[in-house]
Each structure stands twice: as structure tokens, then as C-alpha cells.
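Here are a few friendly notes to read alongside the model. Please keep the viewer open as you go through the points.

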Number of protein chains: 2
Amino acid sequence: MVNIAILGYGTVGSGVVEVLNTNRDSINKRAGQEINIKYVLDLKDFEGDPIQKVIVHDYDVIINDDSVKVIVEVMGGVEPAYTFVKEALLKGKSVVSSNKELVAKHGAELLQIAKDKNINFLFEASVGGGIPIIRPLNQSLTADEIYEITGILNGTTNYILSKMSKEGLAFDSVLKEAQEKGYAERNPAADVEGHDACRKIAILSSLAFGMQVDFEDIYTEGITKITDTDMQYAKYLGLDIKLLATSKKVDQRVYARVAPMMLGSGHPLANVHDVFNAIFVKGNVIGDVMFYGKGAGKLPTASAVVADVVDAAKHLERNIMSFWSTEKMGLMEIKEVPTQYFIRIKGSSSDMNVNVQKLFGAIQIVQLEEIDNEFAIITEEEAEGELNKKVEQLRALTSEDAVLSVIRVEN
Amino acid sequence: MVNIAILGYGTVGSGVVEVLNTNRDSINKRAGQEINIKYVLDLKDFEGDPIQKVIVHDYDVIINDDSVKVIVEVMGGVEPAYTFVKEALLKGKSVVSSNKELVAKHGAELLQIAKDKNINFLFEASVGGGIPIIRPLNQSLTADEIYEITGILNGTTNYILSKMSKEGLAFDSVLKEAQEKGYAERNPAADVEGHDACRKIAILSSLAFGMQVDFEDIYTEGITKITDTDMQYAKYLGLDIKLLATSKKVDQRVYARVAPMMLGSGHPLANVHDVFNAIFVKGNVIGDVMFYGKGAGKLPTASAVVADVVDAAKHLERNIMSFWSTEKMGLMEIKEVPTQYFIRIKGSSSDMNVNVQKLFGAIQIVQLEEIDNEFAIITEEEAEGELNKKVEQLRALTSEDAVLSVIRVEN
């Protein structure tokens, strides 16, 4: 029997208890022993709930109980999670976490402690909810040099963009509906501004490249500026707009970026709709692989947490995760990153064509019949800094409000 | 340093050597030691090739060399692979195999020997080429009870069906082109008759359900009868025809089947085109997950083999694969399996309607403008045996050649 303690009885914590109860026999068989929930740490008592008898309010009870071998941290947020997790690892207890903020910020250090203590710090659920991606990166793609990871890593924004695309609705009204349905938080900033995806791609990049990628260094742009008109152009062009979190090697340097992108329909990620997430990986020998599933939700996330608990129970005194070095990886500046821009421009294309051609060359003009007094272009690939300069010059040559929107393109 | 021996220097074998050379540093780092190819067993000498100096023709040299810890079996076919692999495991050497015939037929026994010897028998490359699926099933989906695995497991047939769908061509002409391009074998039976997919779904089912699923028991139907006219109907209905290998729990019983299916465009597998493969898994807590990538090819397959070699090298004296029991799993008979049929019927729908309605109820008639003197129906879901009886009755009521085609539907 292995005793575990769960820190936090919120959505994920109660999901973990539910999964352990629902599939008890098969889970214990795979773990090779019974997994016993000895404590659940929470501020509340949960009176009347069967969990009440194992609820404790004081972390010291858990940390000082030598019979507890695995700690499940599902509280979220950096503190007090970081203090609790570090203390547990230093005491020789393996930790399973679903906490992307914690892993993005302190993953390298916590993995190193686990390695030193010959125990484990596992965090499959911190990225992509139920989708197996951390373990495959760590154990299945070991023959490859990875040179790209691109993911749809946030279900809320993917739901919003899918709905805008399908139904031609505006961002605000879809967001409101998503909030009513519980698909978006009352304060949606972490999702719609891209911060959630940013932490997740920081974790994936660090694992793929073996060095610390600080999430603060990742260029991050949300989806709040995407309009229904942008979607109309995307559809006309056979493209779809997705919030993509990318980390990519160009020559021997790496860039990382979170931004809405117009994506060609041939890309495997273009078919990932609604709240689904997917992670696309390119390796130098395996080629393209993709992992797809529910990126959030109580039970899918709990499934990933419990799979980690099984692995921790099977390897109580043996470190199995490769670690990423605490050495910081310098990223390319966003202005150096090669990209293509889709640009919507106010005015008549015939009036503007001279200026557009002067700046961007003889590129195709996109004109939608149903939209008056504007047109769009897709530029050639160039460094973002250069493209931005040209956008500024276009404004200078015409008017300050001539550029209606700029969206990156991956075709 | 860990010495390995590779059995067979064909496409996959030479790919393994290439991958080990290309990514030597990162692979050795992940394995925690240098991986050294001590022998390659092949009938030929490969004169002038750098591999020549490690070529041996006699397996005894390898089996009797105690310094060889990992055997890589990439010969294919049941014999002599089975004899060689069993002998190696009994001698305490871990084995990595890409051989679906071997694993489908003897996987349970070989896993048991590896377990008894506390070594490993790994076979990630036997299903889905480079796609990580065996290890995720074994280590990532451990919190779940799996109740469905459905895969596009054969790249050749997926290429043919994709091309037929996209270009409206007939099966024979696409097959011929695929053969010229090297996407299909000169003798294409193993692919187009579904035998390859059958072995792969036997392996996945055995792992998912933990019991022996004999490939001989799996109902298998290939794609040779699919016509361009069938494709026209599918398109009209918003469906696509894919060769699906499925294993599914219905109540507490399991059925397994390989057959071309008309698939709704909302299904994640509907977007898997050309030579790509994908495996879709449903668990009782994780929900839907899908794994996507190149299902064959020299380097993707070698990538999976080498990842297994890394794992074997890291666990030289520790068994890490769960095993499937040698106990045979009884499958549902195909006639008991619930399904829907798409049926193309010769004649005029108005003449036939009375008989059709009598047998299948008031179902919708599908009539394509461009095709004369035939129509189609999609039945309600019913056991295959019952549906087959009705198809026979329809023939009896009308004429022997009235039924032009029958394809299962998953909408």
C-alpha cells in the first residue's frame, strides 16, 4: 500500500478522488499496490462528504507523516504550492502536480531536487489536461532532435475562435456565451490574453530543448482583437484562425511565441475545434506527430494526475523524469522571427495599390465583395521587425488608422 | 556503454543505424550511456558500406556474446524472428522489435519471459510506425478503463482512399499509381485486404484489455471493393471512407473489426489523410484522445525503435512493460455487433420503395442526380446479422444483383 496526500479539494482534487474510486481495481493493479488517500489538505471541512474523514487543515500533519510517499498538488498558483512541493521533495516524498504556473516557474529546480533525492516530480496534467504529452516527450521521442512544438493549448480560446468561425459571431458575444456556459472564467484574461498558453509552451519548450525557457521571455498576444471580419477573410482564403503557442528552432536558435495565427486547412492543427487541444511536434527523424484530446476538465485532468500517481507509486525510489537544466535559454527576439502577415487595410485597393506595392512588392490583393472600403494582403515571409516597419510606413504614407488588423499566417 | 545487435539490415535496420548515427550525442545522453552497435545480422555482406565491419551471418555469435545486452529485431515475419527473440530473452537480453506479425502472434508469451527475467520486450514500432502509442497505452492511460481503440493503422490504404476521395479515381488506377510511387507493395494483399491493420489492432486490443486477442478471430475486410461511385455518395453525404481497425467494449463484451467505414467529418479520424496514421482512444475518465503521425517509413519507424533501445538501455535489469495475459479473450461474433449500413441498390427508388420500407423502415432515400438507375439508403443501427438477413431478403424480393454495395457507417 502506498499512502498519498492530495493538496486541494477543488475541481481537479475532487476529480482525482473520483477517478481513484471509479477505477480502483485496475489502477491498483497497474500501480502494483493499493493507492490509499491518507489526507486531503483543504481549508474547508466538507461536512457530510465521505472525504471529510481524511481532511486536514495543517500541511505539517502531512509533511511530518513518513508513511506518506506521494503528494498530489492540485491547488494551482505559485504560492503556497511552491513552498509545499519543495518541502515535500526535500523530505523524500514524490510529487505529482497539475500546476502550470508552478512548473513553468520552478520546474527545473524541483526536477533537480527530485533527481538528487532519487524520487519523482511529475506533471503530465500541467499541459494539455488529459493529453499524454510530457511523458511522450520524455520517454517516446528520445531518438529525435525536436525542432518544433506548436500547440493549441487553451480550450477556452479555441472554443471562442471555433464558434466565431462557425457562426460568424463577434468576439464579445461569444465570450459572454462561453462565460455563461462555464467554458470561460468570469475574469477571462489568463485565457484570452494568452497567458495560460504561454506558461504551457514554456514548459514544453524547456523539456524539448533541455534548458530553462522563462515564460516572461515568450512573446504573447491574445485573441481579443480578432474580429468577425477577420474571420470572414480567413474563410475566404481557406484559412482558420487559431491561438497557437509555438516554439521553433531556426538554424541553431529558438523562438517562442503565443499569438493568433491564420492556419492553412492542410495543417493537422486546423482540424482541432471547440474545447479540444492538440500538440504538434516535429522531430528530425520521426517527422510530424500530433497528440489530441481534452485540454482541460475535471476528469481528463484527473486522469493525467492519477497516471502520474501510478508512475510515482511504481518508482518510489527511482527517478524517471529527465530534467531540464536550470541554465536559461536565450530566445530569439520577436523582431527577428520570420513570419508572414495578413494585413487588412482601410480604403480602396486601387487608390492604395501604389503604396502597398512599394512596401510589400507585387502581392495579391484580397477583396471581399460583401465588405466595402477595405481590402487585405498577405505578405511574403520576412522578419517581424521588418514587417512592422513596413506597417508603420504604410500608416505614415496613408493615415494612422489605415491598418485595420494584422494577423500572422502559417500556410 | 551498452552493446546492441541489430537483426536485419533492411529498410528499418538501416534506418536504426542512421538514426543512432545522426542523433548520437542526444541519444547517448538520454540513455545515460553510449549505445554501441556491436553486430548486425544479415545474409549479405554489404561490401564497402561502413556497416560491413560489424556484419555477422551467424546468430550464435550474437546470442553467445554476453556483452550484448539489447537485441533489435527488425527482420519481420514470424520465423526465424520468434526463435531468435525467444532465445535472446531466455538468455537475459532485452529485445526491441518492430515486427507486428511476431508481436500479434507471440507478444503475450514474450512479455511474460521478459517479466520473469526482469528484462524488457519492447515493440513501440510494431504499431503506428513513429507514433507513440504502445508506451502511452502502457504508462500514460493507466488511470483509465479503455473502452474503444479505433485506428487508421495502414498508410497504403489510407493513401489510396484519400486519393480516390480527392480525385474521384477508381481503386485500381490509384493502386497502380501507389505501386509505382513505392507507397504500395507489388503484392498489395497484406495492406489492401486489411491483414496488416488486423495484426496491429490485435496488438492494441491485447494491451488495452490485458488479454490475448488472436488476430485470426478479428473480422477483417479490405478496401478492394470500394468504388469511385461509393466515394461519390460518401461525399454527397458529407462522409469519408476510411479503413478503420476497431476494438470496442459493448456492455462487458468486446468486438474487434477491420473494415472500410463511412465516417462523419466531425470524427477526429476523418481528417487523417494520405499516408498518415492515427489512433483514437476512448477512456472512461480521459474521454477522447488521439495520436497522429507517420505510420510507416524508414526514419519514423526507426525513431520508435531507437526510443525503445534508449528505454531498454536505461532499464537493463528492470521490467517496465505491463504484460497482457496469455489468457484468450473471447470476442463478440461479427453478427452480434451493432452497426449501420450504407446500401447502394440498383433500380429506381420509387419502384423499390415498398420493399425497402418493409425491410428497413421509413428511412431516407439518397439519390444522386448524376447517377442513373440506382439509389442508396443508410439503415438504422442494428446487429450485423440482422442487417445481413435483410440484405438477403432484399435480394430475394428483387434480384440477386440488386445490392451494389454495402459499407458500414460511423456517423
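1. In this predicted model, a rotation of 180 degrees with 0.0 Å of shift along its axis places chain B on chain A, at an RMSD of 0.0 Å (least-squares superposition on the C-alpha atoms of residues with pLDDT of at least 70 in both copies). The two copies are thus related as by a two-fold rotation axis. Both use the same surface: 98% of the contact residues of chain B recur in chain A (contact means heavy atoms within 4.5 Å).

2. Which residue of chain B comes closest to the rotation axis? That is B:Phe291, with its C-alpha at 2.4 Å.

3. The largest nonpolar core holds 244 residues, and A:Phe121 and B:Phe121 have the most contacts inside it. Such a core is a set of buried Ala, Val, Leu, Ile, Met, Phe, Trp, Tyr and Cys residues joined through side-chain atoms within 4.5 Å, where buried means under 20% relative accessible area, exposed over 50% and partly exposed in between (1.4 Å probe, protein chains only). Leaving out residues up to four places away in sequence, B:Phe121 touches, among others, B:Val85, B:Leu89, B:Leu110 and B:Met321. A second, separate core of 24 residues includes A:Phe280, A:Tyr292 and B:Ala278.

4. A:Glu185 carries the UniProt annotation "binding site", from an unreviewed entry; such annotations may be inferred rather than shown by experiment. A:Glu185 is exposed, at a relative accessible area of 52%, and touches A:Gln179 and A:Asp191, not counting residues up to four places away in sequence.

5. On conventions: residues are numbered from 1 along each chain as its sequence is written, and chains are lettered from A in the order in which they are written. Local features need pLDDT of at least 70, side-chain atom pairs count only at pLDDT 80 or more, and totals for chains, interfaces and linings use all residues, while side-chain values use heavy atoms, without hydrogens and water.
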